[in-house]
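User: I would like to go through the labels on this model. Please set each one against its definition.

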Amino acid sequence: MIEIEHLRFAWPRAAHDCLAIDRLDVAGGNALFLYGPSGGGKSTLLGLMAGVLLPSAGRVRLLGQDLSKLSGARRDAFRADHLGYIFQQFNLLPYLSVLDNVLLPCRFSRVRRERAASRSGTAEADARSLLSRIGLAEPLWRRAAAELSVVTSMP
């Protein structure tokens with residue numbers, strides 16, 4: 001699902017690469033847990049894996065697609081159709097419910113909406129299934145994201 005080869009990334013004006021990964025392969029159905037200190041490159045790696053950032057060298061392929069070979073607009077469409085991140089706290093729309101935040105990508109991508117409906121009958125049923133799988137208590141699904149605490153939101 002994810003193939004990274006000879007990846008190098010440096011921020012502009014950086015004295016050295018902030019990320020250097022010779023090889024990383026993640027097969028479909030597997031989970032990947034990123035852990036490390038603040039400033040260690042976790043968010044940068046996620047940005048590279050999503051095509052939001054492009055590597056200085058090397059290749060990132062997602063679902064067989066080399067993201068650096070796509071234009072910015074095509075990378076945006078690819079992300080809308082194929083990617084999703086669950087962030088711990090930020091990047092949620094605080095005024096939307098938890099369920100509506102999960103459903104939001106389906107508003108941007110017909111492909112994603114149809115895929116969700118084919119799995120569970122409707123996009124909402126699929127979002128409910130995802131929330132159940134991560135263990136978020138059902139009474140919290142209708143609460144605004146801003147009302148949740150990182151510490152108290154899990155059962």
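Analyst: The model shows an open sheet of 4 strands, ordered S2-S1-S3-S4, with antiparallel pairing. This is a predicted model: local features need pLDDT of at least 70, side-chain atom pairs count only at pLDDT 80 or more, and totals for chains, interfaces and linings use all residues. Residues are numbered from 1 along each chain as its sequence is written, and side-chain values use heavy atoms, with hydrogens and water left out.

User: What makes S2 and S4 edge strands?

Analyst: Strand S2 (19–26) and strand S4 (65–66) each pair on one side only. Strands are DSSP runs (E, at least two residues), numbered from the N terminus.

User: How do you know that S3 and S4 pair?

Analyst: Two strands pair if DSSP finds at least two bridges between them. Strand S3 (residues 57–62) and S4 have 2 bridges, in the antiparallel sense. Arginine 61 has aspartate 66 in S4 as its bridge partner.

User: Why is the pair of phenylalanine 33 and tyrosine 35 called stacked?

Analyst: Rings of Phe, Tyr and Trp (its six-membered ring) pair if their centres lie within 6.5 Å; planes under 30 degrees apart count as stacked, over 60 as edge-to-face and the rest as tilted. The ring centres of phenylalanine 33 and tyrosine 35 are 6.3 Å apart and the planes are at 15°, so the pair is stacked.

User: Why is phenylalanine 33 called exposed?

Analyst: Buried means under 20% relative accessible area, exposed over 50%, partly exposed in between (1.4 Å probe, protein chains only). Phenylalanine 33 has 68%, so the residue is exposed. Tyrosine 35, at 73%, is exposed.
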